[in-house]
Amino acid sequence: MASLEEIKSERLKKIELLRDAGMQAYPATTNRTSDIRTFVSTFEQLEKEQTEKTLAGRVRSIRLHGALAFFDLFDGTGSIQVYLKKDTLGEPLFTLFENTVDESDFIEVTGGASTTKRGVRSIKPTGWRMLTKSLRPVPESFYGLKDEEERLRKRYLDILLNPEVRDLIEKKSKFWDVTRSFLKERGFLEVETPTLEVTTGGAEANPFKTHHNDFDLNVYLRISIGELWQKKLMASGIEKTFEIGRAYRNEGSSTEHVQEFTNMECYGAYINLDEGKKLTQDLYRTLALKVFNTTQFTTRGHTFDLALDWPEIDYVSEVLNQTGVDVLDSSEEEMTRALKKLDIQFDGKNRERLTDALWKYCRRHISGPAFLINHPKIVAPLSKEHEKDNRKTEMFQIIVAGSEMGRAHAELNDPVDQQSRFEAQGKLIEGGDKEAMMPDHEFIEALEYGIPPTFGFGFGERLFAYLADKPIREIAIFPLMKPKKELDGN
């Protein structure tokens with residue numbers, strides 16, 4: 001079996017043969033007049049009318065039989081058999097094909113639709129031309145990329161060889177298209193907000209840091225999709241906004257978490273939480289039906305149906321029922337003992353982290369869909385205080401398959417209350433909590449001018465990963481990978 005270097009050497013020689021014959025190996029233009037999908041769908045008409053078309057694509061599975069040659073041509077829209085005959089093509093072009101074309105090359109062929117004696121629909125060329133001479137052969141099938149690291153590193157080959165991966169990418173694109181259309185149809189205006197921020201408002205996570213040379217200023221890649229910016233827009237008189245974009249969190253990786261991902265956040269003035277529940281429920285059901293053609297899913301050991309009723313689950317009561325801990329009244333020592341007894345891993349010892357760790361233990365037992373409500377104020381620094389219990393907030397999360405699949409707030413618009421909560425977050429930062437929310441004093445100023453009662457909601461591509469029953473890294477077209485030199489220790 002020839003080595004890669006031997007294969008490349010032979011293919012470089014074939015480039016010289018092409019040049020000697022007056023054919024470029026990498027021309028700047030193509031004469032394609034039809035994609036393969038259209039050619040196949042109109043085959044009978046083209047064959048009847050003897051209409052010539054020019055197709056272009058990648059060569060696969062060459063079969064040579066004396067004065068005949070067969071191969072498959074693939075262009076991303078479909079595949080068609082190409083049927084070369086020496087007497088139709090002419091000896092010089094046929095011989096040049098034999099001597100210079102390999103599997104994985106891109107070529108164009110011009111000819112008519114023709115059904116072979118075996119009944120195979122084909123194109124029978126009267127001419128061909130090289131478009132891209134490949135130097136490496138593409139693996140013959142998916143078995144050539146069994147190693148997961150190699151498969152994700154060479155994602156372009158994974159997509160080429162695995163139709164399921166291509167389908168996943170197309171579904172993900174449709175997922176965000178449906179989200180965008182759903183919101184626009186309901187009067188939400190799509191906006192773009194900064195990805196570089198002086199403070200990481202809008203969420204609690206460890207940010208990526210960088211330096212702005214022109215301003216000589218340290219800045220952060222955003223960890224949420226413009227939450228505080230969009231709420232400032234509520235003060236401007238624009239009543240409904242949304243953004244779909246990338247967010248960045250400098251945290252660990254898992255089947256649910258990556259450092260770079262796509263999120264959506266939307267904000268609507270004068271929308272209350274009950275109306276928000278109806279809006280989000282309709283959105284999720286629409287996504288399920290339009291992207292996956294079903295509302296029933298199984299993933300991560302859970303089965304759920306988005307078309308069924310979504311019950312409300314009280315945060316404090318659920319944690320108490322599952323762990324025996326009242327997160328509002330128990331001491332931090334009692335919470336710590338409970339976590340250790342339940343063998344729950346947790347980071348940090350402040351009340352917010354302990355509360356969050358207890359809840360994360362509980363949520364994995366809930367298949368949903370359900371609305372989690374009445375969150376303790378300590379874990380919701382941007383939500384309005386609950387009207388009946390000032391230790392809780394007016395917000396909900398959507399729980400699906402043991403995970404959080406969306407978060408909504410009756411947005412806090414009291415500047416005094418918000419300032420107090422920012423100060424509490426600041427103390428957590430001083431205590432070493434890397435995920436606490438940075439205070440944003442310019443946002444307080446906007447609140448002092450006044451923003452209307454506002455509903456805010458956001459969810460990320462984790463929802464798509466769960467509906468597709470894939471780890472979140474699998475749904476990234478090009479997931480971040482360590483450089484090969486670093487892996488090799490060089």
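Me: Which helix gives the largest share of the lining of the second largest pocket?
Reply: That's H1, with 5 residues in the lining. Keep in mind that this is a predicted model.

Me: Okay, and which elements give two or more residues there?
Reply: Helix H1 (4-20) and helix H7 (155-161) are the ones that do.

Me: How many residues line that second largest pocket, and which lie nearest its centre?
Reply: There are 30 lining residues, and Arg136, Pro137, Val138, Pro139 and Leu157 lie nearest the centre. The space in this pocket comes to about 840 Å³.

Me: Switching to the sheets. What order do the strands of the closed barrel run in?
Reply: The barrel has 5 strands in the order S1-S2-S3-S5-S4, and the pairing is mixed. On average, neighbouring strands in this sheet are turned by 55 degrees against each other, ignoring direction.

Me: Nice. Which helix packs on that sheet?
Reply: Helix H5, residues 91-100, touching S1, S2, S3, S4 and S5. The direction of H5 makes about 65 degrees with that of S5.

Me: Do S3 and S5 pair parallel or antiparallel?
Reply: Parallel, over 2 bridges, with S3 covering residues 79-85 and S5 covering 121-132. As one example, Gln81 has Ser122 in S5 as its bridge partner.

Me: And S12 with S13, parallel or antiparallel?
Reply: Those two run antiparallel, with 4 bridges joining S12 (residues 296-299) to S13 (residues 302-305). Gln296 is bridged to Asp305 in S13.

Me: What's going on with Arg300 in that hairpin?
Reply: Arg300 takes a positive phi near 50 degrees, and the hairpin has 2 residues between its strands.

Me: Last topic, helix packing. At what angle do H8 and H10 pack?
Reply: About 140 degrees, with the axes of H8 (residues 163-185) and H10 (residues 273-292) 10 Å apart. H8 passes H10 in a right-handed crossing.

Me: Which residues meet there?
Reply: From H8, you have Lys171, Lys174, Phe175, Val178, Thr179 and Phe182. On the H10 side they meet Leu279, Asp282, Leu283, Thr286, Leu287, Lys290, Val291 and Phe292.

Me: And how many nonpolar, polar and charged residues does that contact have?
Reply: The contact of H8 with H10 has 8 nonpolar, 2 polar and 4 charged residues. Lys171 and Lys174 of H8 are among the residues in this contact, as are Asp282 and Lys290 of H10.

Terms used:
Residues are numbered from 1 along each chain as its sequence is written. This is a predicted model: local features need pLDDT of at least 70, side-chain atom pairs count only at pLDDT 80 or more; totals for chains, interfaces and linings use all residues. Side-chain values use heavy atoms; hydrogens and water are left out. Two strands pair if DSSP finds at least two bridges between them. On a 1 Å grid over the protein atoms alone, a cavity is a set of points where a 1.4 Å probe fits but cannot get out, and a pocket is an open set with protein on both sides within 12 Å along at least five of seven lines; lining residues have an atom within 4 Å of a point. Grid points are joined across faces, edges and corners, and a volume is the space filled by probe spheres set on the points. Axes are lines fitted to C-alpha atoms, for helices over the stretch in contact, and angles run from 0 to 180 degrees between N-to-C directions. A crossing is left-handed if the near helix is turned anticlockwise from the far one by less than a right angle, and right-handed if clockwise. Contact means heavy atoms within 4.5 Å. Ala, Val, Leu, Ile, Met, Phe, Trp, Tyr, Cys and Pro count as nonpolar, Asp, Glu, Lys and Arg as charged, and the others, Gly among them, as polar.
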